[in-house]
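Here's a quick tour for anyone meeting this structure for the first time. Have a look at the model, then read on.

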Amino acid sequence: SGVFSVSRDQIKSDIERNGGKVTSAVSQKTSFLIAGDAPGENKIKQAGKLNVKIISEREFEMMIRQSVD
């Protein structure tokens with residue numbers, strides 16, 4: 001959610017290449033919400049209600065790098 005330094009297609013590709021699934025809505029099945037600049041207020045609230053971990057774009061990049069190592 002929000003504005004990222006790379007394209008959404010790149011982020012989606014990275015997630016799928018590492019076995020994840022991209023959805024447009026936060027649900028109980030959501031593992032992480034990647035929050036860029038100015039994330040959607042409703043998505044952040046929904047993630048909080050459902051105890052979904054909110055990570056930054058940088059945290060996501062670090063996770064991806066660790067999975068490659």
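This is a predicted model: local features need pLDDT of at least 70, side-chain atom pairs count only at pLDDT 80 or more; totals for chains, interfaces and linings use all residues.

Residues are numbered from 1 along each chain as its sequence is written, and side-chain values use heavy atoms, with hydrogens and water left out. Helices (H or I, at least four residues) and strands (E, at least two) are DSSP runs, numbered from the N terminus.

**The two salt bridges**

- One of them joins the side chains of Asp-14 and Arg-17, at 2.3 Å from N to O.
- Asp-14 and Arg-17 sit three residues apart in helix H1, so about one helical turn separates them.
- Buried means under 20% relative accessible area, exposed means over 50%, and partly exposed is in between (1.4 Å probe, protein chains only).
- Another salt bridge links the side chains of Glu-41 and Lys-45, at 3.2 Å from N to O.
- Glu-41 and Lys-45 are four residues apart in helix H2 (residues 41-49), so here too about one helical turn lies between them.
- Glu-41 is exposed, with a relative accessible area of 55%, and Lys-45 counts as partly exposed at 47%.

**Helix H1, face by face**

- Which residues of helix H1 (residues 8-17) are buried? They are Ile-11, Asp-14 and Ile-15.
- Looking down the axis of H1, these buried residues fall within an arc of 100°, so they line one face of the helix. The arc is taken from the directions that run from the helix axis to the C-beta atoms.
- On the other side of H1, you'll find Asp-9 and Arg-17 exposed.
- Setting aside neighbours within four places in sequence, Arg-8 is in contact with Ser-1 and Gly-2.
- A polar atom of the Arg-8 side chain lies 2.5 Å from the backbone oxygen of Gly-2.
- After H1 comes Gly-19, with a positive phi near 90°.

**Strands and the crossover**

- Strand S1 (32-35) and strand S2 (residues 53-56) pair in the parallel sense over four bridges. Strands pair if DSSP finds at least two bridges between them.
- What is the bridge partner of Phe-32 in S2? That would be Lys-53.
- The chain goes from S1 through H2 to S2, and this β-α-β crossover is right-handed. In other words, with the strands pointing away from the viewer, the path from the first strand over the helix to the second runs clockwise.

**Val-26, a buried loop residue**

- Val-26 is placed in the loop between H1 and strand S1.
- Is Val-26 buried or exposed? At 13% relative accessibility, Val-26 counts as buried.
- Apart from neighbours within four places in sequence, Val-26 is in contact with Leu-33, Lys-43, Gln-46, Ala-47, Leu-50 and Val-52.
- Val-26 and Gly-48 are 22 residues apart in sequence, and their C-alpha atoms are 9.9 Å apart in space.

**Positive phi in the loops**

- Most residues other than glycine have a negative phi.
- Ala-38 has a positive phi, near 55°, and is a residue other than glycine.
- You'll find Ala-38 in the loop between S1 and H2, where Ala-38 is exposed with a relative accessible area of 67%.
- Asn-51 is not a glycine either, yet its phi is positive, at about 55°.
- Asn-51 belongs to the loop between H2 and S2, and Asn-51 is exposed, with a relative accessible area of 72%.

Methods. A salt bridge is a side-chain nitrogen of Lys or Arg within 4 Å of a carboxyl oxygen of Asp or Glu. Contact means heavy atoms within 4.5 Å. A polar contact is a pair of N or O atoms within 3.5 Å; within protein, one must be able to donate a hydrogen and the other to accept it, and residues adjacent in sequence count only if both atoms are side-chain atoms.
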